[in-house]
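I opened the structure and kept notes on what I looked up. The entries follow in the order in which I made them.

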Amino acid sequence: MDASSSRMQTFGQTEINWDKLDKTKFYVVGAGIFTGVTVALYPVSVVKTRLQVATKDTVDKNAFSVIRGILKTDGVPGLYRGFGTVITGAIPARVIFLSVLETTKLAAFRMVEPFKFSEPTQAAIANGLAGMTASLLAQGVFVPIDVISQKLMVQGYSGHAKYNGGLDVARKVIKSDGIRGLYRGFGLSVMTYSPSSAVWWASYGSSQRVIWRFLGHGTDLKEIAPSTWTIVSVQAAGGIIAGATASCITTPLDTIKTRLQVMGHEKRPSTRQVVKNLIADDGWKGFYRGLGPRFFSMSAWGTSMILAYEYLSMDLFLSLTSSSICVFLFPPYL
């Protein structure tokens, strides 16, 4: 068997066999796990969003002061504003994402195979292409949910309007701007989440392979597989690296997008005006508002989903080798 065939055999055994997966069980269990992780991490998204939309006159200048302010005025429920909207809408968005991701990834591996790149490079390109494509298609569902949930997150904060739930937000947005109002910032969402997803998956796929090689594990299918703890540790490290890389690169776009989406109907500033206001308030560092919570959220999503993957892999997946790739049930959007 030549080297090219050997590499394809390796990819075939380290990737999930999507056709043989019990998709019903996968989605049901995955949705339950996603809900649990969202409950744990949702307050981080609320804090990040408030930091990004705060004006220069706002007292809250860091994550801890935002949390204190929310608990003082609204108690713990304040950390979960918009949660119902996210749970209702994000599950179908993530089902779309996962379906496209898995059906696209193996094809991407085959597409880059003839170029004879190194294995980490092939993993980065294939995972990146699949992640970007999946994120692009999922935005059709996710952007309206994003607009509604973020308006609920910041209602009454720093001069923002108050609402009586997600339906009230949707009704007022549609009344003011029509259906297109629910897709405000769609272009920036695509520019934020698609590259973010691509960078996250590319960094995750390539960093894992580099770490495995550093630990002395190659692509030899006959070698002894490492322990479960070693696999989880490597996957966790890959998730943290991916979260750091993606958050640093895409946070400026995320900040601009968030401010565009939550501005009141009477203001509706352009992207250019949002950028000018950010620079006037905080200089260039203003584009990195909420970087800490966003990095934490993206990294935590990765490490949390590793545990879900290891649980589901016992019943749902084919046997994996030492160079296995952890395919997360749901990527870290927020």
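This is a predicted model: local features need pLDDT of at least 70, side-chain atom pairs count only at pLDDT 80 or more; totals for chains, interfaces and linings use all residues.

Residues are numbered from 1 along each chain as its sequence is written, and side-chain values use heavy atoms, with hydrogens and water left out.

**Entry: Phe287**

I looked up Phe287 and found it in the loop between α9 (271–282) and α10 (291–316); helices here are DSSP runs of H or I with at least four residues, strands are runs of E with at least two, and both are numbered from the N terminus. Leaving aside neighbours within four places in sequence, Phe287 is in contact with Thr251, Pro252, Thr255, Ile256, Val275, Leu278 and Ile279. Of these contacts, I checked Ile256, which is 31 residues from Phe287 in sequence and 7.4 Å from it in space, C-alpha to C-alpha. Is Phe287 buried or exposed? Phe287 is buried, with a relative accessible area of 7%, where buried means under 20%, exposed over 50% and partly exposed in between, using a 1.4 Å probe and protein chains only.

**Entry: aromatic rings**

I searched the whole structure for aromatic pairs and found 6, taking rings of Phe, Tyr and Trp (its six-membered ring) as paired if their centres lie within 6.5 Å, and calling planes under 30 degrees apart stacked, over 60 edge-to-face and the rest tilted. The rings of Tyr42 and Phe83 have centres 5.4 Å apart and planes at 85 degrees, so I recorded the pair as edge-to-face. This pair links distant parts of the chain, since Tyr42 is in helix α2 (residues 23–53) and Phe83 in helix α4 (residues 83–112), 41 residues apart. Both Tyr42 and Phe83 are buried, and ring pairs link Tyr42, Tyr80 and Phe83 into a cluster.

**Entry: helix α6**

The buried residues of α6 are Gly166, Asp168, Val169, Ala170, Val173 and Asp177. Just after α6, I noted that Gly178 takes a positive phi of about 80 degrees.

**Entry: whole chain**

I counted 10 helices and 0 strands in the protein chain, and 54% of its 334 residues count as buried.

Definitions and conventions: Contact means heavy atoms within 4.5 Å.
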